[in-house]
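Please keep the sequence and the structure open while reading.

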Amino acid sequence: MLFDNFTLILLAVVATATLLPAQGQGAVFFDGLTVAAIALLFFMHGAKLSRQAIIAGMMHWRLHTLVFACTFLMFPIIGLLAKPMLLPLVGDKLYMGILFLCVLPGTVQSAIAFTSLAGGNVPAAVCSASASSIIGILLTPLLVALLMQVDASEGASPLRSIGSISMQLLLPFVLGHAMRPIIGDWVDKHKKNLSRLDQTSILLVVYTALSASVVEGLWNTVLPKTLLVLTLVCCVLLAVVLFLTAWLGERCGFSREDRITIVFCGSKKSMATGVPMAQVLFAGPLLGPALLPLIIFHQIQLMVCAVMAQHYARQGEALRATG
């Protein structure tokens, strides 16, 4: 349960990028392949998104407002408040990666899957997670420019970043959704195989991005002790956010199903969106440190949320049995 196939393969990809990074013409080839894989990934995301689910979920505006506030406001505030403690522990570049993690949109597939398994409000989860992903394409570069002050020499300007990210992510997404009336039935029938396509695309992007960082000397600056500290920081960050999303959902008077949706949609960060964004927003030696916190946090959130979803499901069965 703690180490599924994707997690193990991701670790293998990180090891491969460390020992056999793509260089020269190989790096050029993988860069081109990565661009194509990302475009296909977001095209399929758009094709998967049901318009009926969007309409059904859009009416729950209070829930969506809270999820967006957790994703794009609460997370960054925590990252900023923790700066005095984190800088001495992980250094400037990895702290930048943690803050980048905090401004990313939430996941789509896993948030919906965990919400469904736990017995939450699935239509609201579909709408909230999908909207978070789309809004993040525009909002994340602005938050990076506002909070992280990346120099123009180290990363692209905010407007150029938004344009590049929109072309790479938003345009394929819109085209895919426009094609849903034609290919929607086929997509729905092959969801399992398409999930493998998602994972393969993420693995390819991680290998390409980490290869470039390894060539730039990533592991000369990030020591094993620092990685351990970074892992502990990601664990604490996730624990704090899970507690706050659950507490806020209860304090705001949401039903049990809605609280489950808020927890799983408001606490997760997307590697599928974050890794392509990092390639556009950061360059050279900044890319690896920007990605490491996201890679670690993503695996931890999957493990923890898998356990939580099963707990919620058993709790729901118990409530139905006694009710």
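A disulfide is taken here as a pair of cysteine sulfur atoms within 2.5 Å. The model is a predicted one, in which local features need pLDDT of at least 70 and side-chain atom pairs count only at pLDDT 80 or more, while totals for chains, interfaces and linings use all residues. Residues are numbered from 1 along each chain as its sequence is written, and side-chain values use heavy atoms, with hydrogens and water left out.

**Cysteines**

- By that cut-off, the structure holds 0 disulfides.
- Cys 234 is in no disulfide, and the nearest cysteine sulfur, that of Cys 235, lies 7.1 Å away.
- Cys 234 has a relative accessible area of 1% and is therefore buried, where buried means under 20% relative accessible area, exposed means over 50%, and partly exposed is in between (1.4 Å probe, protein chains only).
- With a relative accessible area of 35%, Cys 252 counts as partly exposed.

**Nonpolar core**

- A nonpolar core is a set of buried Ala, Val, Leu, Ile, Met, Phe, Trp, Tyr and Cys residues joined through side-chain atoms within 4.5 Å.
- The largest such core has 94 residues, and those with the most contacts inside it include Phe 100, Phe 264 and Phe 282.
- Helix 15 (residues 287-322) gives the largest share of this core, 15 residues; helices (H or I, at least four residues) and strands (E, at least two) are DSSP runs, numbered from the N terminus.
- Phe 100 belongs to helix 5 (residues 83-102) and is buried, because its relative accessible area is 0%.
- Leaving out residues up to four places away in sequence, Phe 100 touches several residues, among them Thr 140, Val 144, Gly 274, Met 277 and Phe 282, where contact means heavy atoms within 4.5 Å.
- Phe 100 and Gly 274 are 174 residues apart in sequence, yet their C-alpha atoms are 8.6 Å apart in space.
- The contacts of Phe 264, again not counting residues up to four places away, include Ala 111, Phe 114, Cys 305, Met 308 and Tyr 312.

- Thr 273 lies in helix 14 (residues 271-281), is buried at 2% relative accessibility, and is in contact with Phe 42, Pro 105, Ser 133 and Leu 169 when neighbours within four places in sequence are left aside.

**Aromatic rings and charges**

- Rings of Phe, Tyr and Trp (its six-membered ring) pair if their centres lie within 6.5 Å, and planes under 30 degrees apart count as stacked, over 60 as edge-to-face and the rest as tilted; the count by this rule is 6 aromatic pairs.
- The ring centres of Phe 30 and Tyr 207 are 5.1 Å apart with planes at 65 degrees, so this pair is edge-to-face.
- That pair links distant parts of the chain, with Phe 30 in helix 2 (residues 24-48) and Tyr 207 in helix 10, 177 residues apart.
- Phe 30 is partly exposed at 23% relative accessibility, whereas Tyr 207, at 14%, is buried.
- The charged end of Arg 62 sits over the ring of Phe 254, 4.5 Å from its centre, a description that requires NZ of Lys or CZ of Arg within 6 Å of the ring centre and within 35 degrees of the ring normal.
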